[in-house]
Amino acid sequence: MKLTIIGCSGSMSGKDSPASSYLVQAEGPDETGNPRTWTLVMDFGPGAMGHLLKYVDPARLDAMVISHLHADHCVDLVGMQVYRRWYPEGALAKLPVFSPGDGRERLREIAGDPAEETYENEFEFVSVKPGHTLQVGPMHVEFFEAYHTIEAVSMRVTGPSENNPDEQVVLAFTGDTDYAQTVVDCAHNADVLLSEAAFEEGRDEVEGIHLTGKRAGELARDANAKRLLLTHLQPWTSPVRTAQDAQSVFDGEVKVVKAGEVYRI
């Protein structure tokens with residue numbers, strides 16, 4: 001699998017990055033057995049639509065998964081809907097969008113569209129809960145309960161290794177969450193743990209919203225993850241301090257991601 005960081009800014013877009021959005025791709029056969037690239041987008045915050053165009057044709061997306069329906073993780077669905085409906089060469093195919101809660105109603109709220117707008121030609125909205133699974137080509141997605149202020153999920157994506165297609169590797173993505181055993185379970189033995197770390201240790205004391213760098217490190221340690229990628233840092237959160245806090249409790253590799261970076265798993 002290949003992970004591309006579309007955006008990694010927390011709570012809002014930043015001066016160097018859109019808000020959270022991640023492109024996951026894997027090679028595998030299509031329905032007729034011919035090889036192709038399967039493409040999944042996780043989260044789609046402010047600025048993600050424009051930056052997605054750097055990496056992939058939106059017509060080639062196979063699915064989108066939204067970890068929760070806060071605006072900083074889903075607001076650019078508005079742009080995706082417009083792109084798919086009004087593409088000059090003809091409307092694009094319907095795209096499955098998986099999220100906790102009612103994604104269709106949330107999009108109506110953001111776009112200001114009337115109740116009779118169904119988006120039925122652009123999107124197929126599917127509600128997911130912890131325990132549900134999803135197959136996107138060779139990628140198997142499992143959903144786990146996250147610890148956040150609204151209904152939210154963490155995701156465990158299993159798919160072929162970039163180095164050896166016969167080997168299965170795991171990418172775990174926390175979404176927005178505080179430390180919870182369910183998120184540890186999601187990240188168990190993950191090759192890469194992509195973890196939000198919006199809060200700073202000693203500064204942000206409120207529980208049940210976000211991880212700090214230290215708690216993200218504890219999560220990686222307790223899950224026995226191999227590599228920790230930190231994301232969703234707010235513009236005022238120090239990446240240096242956050243990485244140091246994670247490294248103080250986790251012996252594996254720690255990195256704060258940047259928009260445009262590519263990780264081969």
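**View 1. Secondary-structure content of residues 43-232.** Over residues 43-232, the chain is 24% helix and 26% strand, helices (H or I, at least four residues) and strands (E, at least two) being DSSP runs numbered from the N terminus. The end C-alpha atoms of this segment lie 11 Å apart. An unreviewed UniProt entry lists residues 43-232 as "domain: Metallo-beta-lactamase"; such annotations may be inferred rather than shown by experiment. The model is predicted, with local features requiring pLDDT of at least 70 and side-chain atom pairs pLDDT 80 or more, whereas totals for chains, interfaces and linings use all residues. Residues are numbered from 1 along each chain, and side-chain values use heavy atoms, without hydrogens and water.

**View 2. Crossing of helices α6 and α7.** The axes of α6 (residues 213-223) and α7 (residues 239-247) come within 7 Å and cross at roughly 35 degrees; axes are lines fitted to C-alpha atoms over the stretch in contact, with angles from 0 to 180 degrees between N-to-C directions. G213, K214 and G217 of α6 meet T242, D245 and A246 of α7, contact meaning heavy atoms within 4.5 Å. These residues comprise one nonpolar, three polar and two charged, Gly counting as polar.

**View 3. The largest pocket.** This pocket holds about 430 Å³ of space and is lined by 18 residues, of which C8, D16, L233, P239 and V257 lie nearest its centre. A pocket is an open set of points on a 1 Å grid where a 1.4 Å probe fits, with protein on both sides within 12 Å along at least five of seven lines; lining residues have an atom within 4 Å of a point. The lining divides into eight nonpolar, seven polar and three charged residues.

Definitions and conventions: Grid points are joined across faces, edges and corners, and a volume is the space filled by probe spheres set on the points.
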